[in-house]
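Welcome, and please take a moment to look over the sequence and the model before reading on.

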Number of protein chains: 2
Amino acid sequence: MPIEIPDVVIDRLPLYYRLLSRLEQEGRAVISSQELGEELGVTPAQIRKDLSYFGRFGKQGRGYSVVRLAEELRFILGLDRRWRVVVVGIGRLGRALSSYPGFEGQGFDIVGRYDSSPGIIGTTLDGNTILNAADLEADLRKTPVDIGIVAVTADAAQDVADTLVRGGVRAVLNYTPARVQVPVGVELKHINPVLFLQSMTYHLKLRQRDRVARAD
Amino acid sequence: MPIEIPDVVIDRLPLYYRLLSRLEQEGRAVISSQELGEELGVTPAQIRKDLSYFGRFGKQGRGYSVVRLAEELRFILGLDRRWRVVVVGIGRLGRALSSYPGFEGQGFDIVGRYDSSPGIIGTTLDGNTILNAADLEADLRKTPVDIGIVAVTADAAQDVADTLVRGGVRAVLNYTPARVQVPVGVELKHINPVLFLQSMTYHLKLRQRDRVARAD
């Protein structure tokens with residue numbers, strides 16, 4: 001029975017992994033929690049605590065082996081295998097996601113692109129035929145898929161998520177501003193740029209208030 | 001001098017705000033930290049701790065006033081004013097962002113869309129003329145902008161971020177998979193779907209390991 005690891009720690013692991021992959025490519029052998037912390041903007045104590053959930057990676061006073069830590073993170077995050085992904089909704093956003101260069105070499109294979117618009121179904125995008133969203137559930141039952149990316153309009157988001165779940169998909173990445181619900185046991189993440197902008201405007205506003213206060 | 005509030009708390013505030021806006025629209029008067037926690041997937045203790053950074057919103061045992069808390073969050077997050085945004089890079093992703101429905105009514109005005117490709121400059125997108133990225137810095141100096149969204153190719157990301165910063169932009173949202181650096185005092189957020197997928201595959205893999213272990 002694994003220990004329950006906080007989601008906020010899980011969400012940081014891809015950042016660790018990305019940094020370690022880069023260091024690995026640069027040929028670095030060892031990195032300290034101090035340096036990891038500086039690169040990632042967290043304290044060395046936080047780094048040590050985060051990584052301690054997954055066993056003992058570092059030797060006291062000698063830092064972490066870059067190769068070993070990267071390899072462990074690859075295993076922990078499931079990046080030592082390939083994941084099958086479908087994108088549903090091939091409007092502007094779906095088109096952008098279908099060709100997102102960051103998926104390359106990360107183990108994520110987009111195996112299906114679906115849309116419900118008659119003008120889009122059957123057309124090709126980068127050599128891939130756009131499939132009919134009405135066939136999605138049947139297709140998923142025939143050939144299982146791990147992850148579904150929802151890039152339809154907000155009002156269709158819940159329907160698409162339901163279809164993905166009925167078809168056996170166990171992870172849903174929702175790109176619409178709509179609130180989507182999935183059953184327990186299905187992973188759900190939202191990417192909503194408004195939430196990112198809002199946490200930046202917090203800081204912008206704070207700084208403007210500081211300036212006003214100093215000018216008084 | 002305001003207290004230093006952890007970034008992880010700031011990043012949760014837009015989620016609180018989104019929920020409270022919805023409750024406000026539904027006409028709810030009061031909500032308990034228990035219910036807020038259930039809706040947001042955090043503990044009631046965490047809710048009380050997060051909100052305590054910003055003053056005393058709730059009355060012991062009586063819950064939070066939905067209207068008052070929403071109003072306070074709107075002020076704290078700087079959503080009581082409008083923010084000027086430019087999108088740089090009008091490829092597939094930039095097109096998607098330019099028409100993202102979630103910006104509507106949230107105080108974010110896209111005031112400029114820039115590209116460097118001669119085939120795109122001067123064309124229109126939803127009635128807006130695509131401007132020349134070569135003019136970006138001069139335009140920003142003439143008419144200040146708060147936030148820049150970087151949706152160019154990865155190899156151009158740092159150049160665009162530098163131009164935005166030289167033009168006085170103080171918040172950069174990087175949509176490319178590239179690592180981008182900005183000076184101290186400039187806010188920076190990255191939206192990289194790979195990082196979201198990787199924290200979901202952690203859970204998918206964990207569940208598969210559990211199933212294998214039970215089957216043994």
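## Two neighbouring helices in chain B

Are α2(B) and α3(B) roughly parallel or roughly perpendicular to each other? To find out, keep in mind that this is a predicted model, and start with the two axes. Helix α2 of chain B covers residues 33–40 and helix α3 of chain B covers residues 44–52; their axes come within 8 Å and cross at roughly 105°. An angle from 65 to 115 degrees counts as roughly perpendicular, and α2(B) and α3(B) are therefore roughly perpendicular to each other.

You can find the meeting place by picking out B:S33, B:Q34, B:L36 and B:G37 on the α2(B) side, with B:P44, B:Q46, B:I47 and B:R48 facing them from α3(B). Sorted by class, this contact has three nonpolar, four polar and one charged residues.

## A second pair: α1 and α4 of chain B

Now turn to helix α1 (residues 7–25) and helix α4 (residues 66–76) of chain B, whose axes come within 9 Å and cross at roughly 140°. Angles over 145 degrees would count as roughly antiparallel; α1(B) and α4(B) are therefore described as oblique to each other. The crossing in which α1(B) passes α4(B) is left-handed.

From α1(B), the contact takes in B:L13, B:Y16, B:Y17, B:L20, B:S21, B:L23 and B:E24, while α4(B) brings B:V66, B:V67, B:L69, B:A70, B:L73, B:R74 and B:I76. By class, the contact of α1(B) with α4(B) has eleven nonpolar, one polar and two charged residues.

## Helices with a buried face

Stay with α4(B) for a moment: B:V66, B:L69, B:A70, B:L73 and B:I76 are buried there. Looking down the axis of α4(B), you would see these buried residues within an arc of 125°, so they line one face of the helix. After α4(B) comes B:G78, with a positive phi near 75°.

Just after α7(A), A:G168 has a positive phi of about 95°.

## Chain A as a whole

Stepping back, chain A has eight helices and eleven strands. Its C-alpha trace spans about 60 × 55 × 35 Å along the principal axes. Of the 216 residues in chain A, 38% are buried. Taking contacts in chain A between residues at least 6 apart in sequence, 56% join residues at least 24 apart.

With 25 other C-beta atoms within 10 Å, A:Y114 is buried. Leaving out residues up to four places away in sequence, A:Y114 touches A:V86, A:V88, A:L131, A:A133 and A:L136. For a sense of distance, the C-alpha atoms of A:Y114 and A:H203 are separated by 39 Å, and these residues are 89 apart along the chain.

## Where the chains meet

How many residues of chain A are in contact with chain B? There are 50 residues of chain A in contact with 50 residues of chain B. On the chain A side, α1 (7–25), α5 (92–98), β10 (171–174), β11 (187–190) and α8 (193–215) each supply at least two residues. The largest share comes from α8(A), with 14 residues. By class, the side of chain A that touches chain B has 33 nonpolar, nine polar and eight charged residues.

Most residues other than glycine have a negative phi. A:D126 is not a glycine, and its phi is positive, near 50°. Look for A:D126 in the loop between β6 (124–125) and β7 (128–129) of chain A. A:D126 is exposed, with 9 other C-beta atoms within 10 Å.

Chain B has B:D126, again not a glycine, with a positive phi of about 50°. B:D126 sits in the loop between β6 (124–125) and β7 (128–129) of chain B. With 9 C-beta neighbours inside 10 Å, B:D126 counts as exposed.

Key. Residues are numbered from 1 along each chain as its sequence is written. Chains are lettered from A and ligands numbered from 1 in the order in which they are written. This is a predicted model: local features need pLDDT of at least 70, side-chain atom pairs count only at pLDDT 80 or more; totals for chains, interfaces and linings use all residues. Axes are lines fitted to C-alpha atoms, for helices over the stretch in contact, and angles run from 0 to 180 degrees between N-to-C directions. Helices (H or I, at least four residues) and strands (E, at least two) are DSSP runs, numbered from the N terminus. Angles under 35 degrees count as roughly parallel, over 145 as roughly antiparallel, 65 to 115 as roughly perpendicular and the rest as oblique. A crossing is left-handed if the near helix is turned anticlockwise from the far one by less than a right angle, and right-handed if clockwise. Two residues are in contact if their C-beta atoms, placed from the backbone, lie within 7 Å. Ala, Val, Leu, Ile, Met, Phe, Trp, Tyr, Cys and Pro count as nonpolar, Asp, Glu, Lys and Arg as charged, and the others, Gly among them, as polar. A residue is buried if 20 or more other C-beta atoms lie within 10 Å of its own, exposed if 12 or fewer, and partly exposed in between; C-beta atoms are placed from the backbone. The arc is that of the directions from the helix axis to the C-beta atoms.
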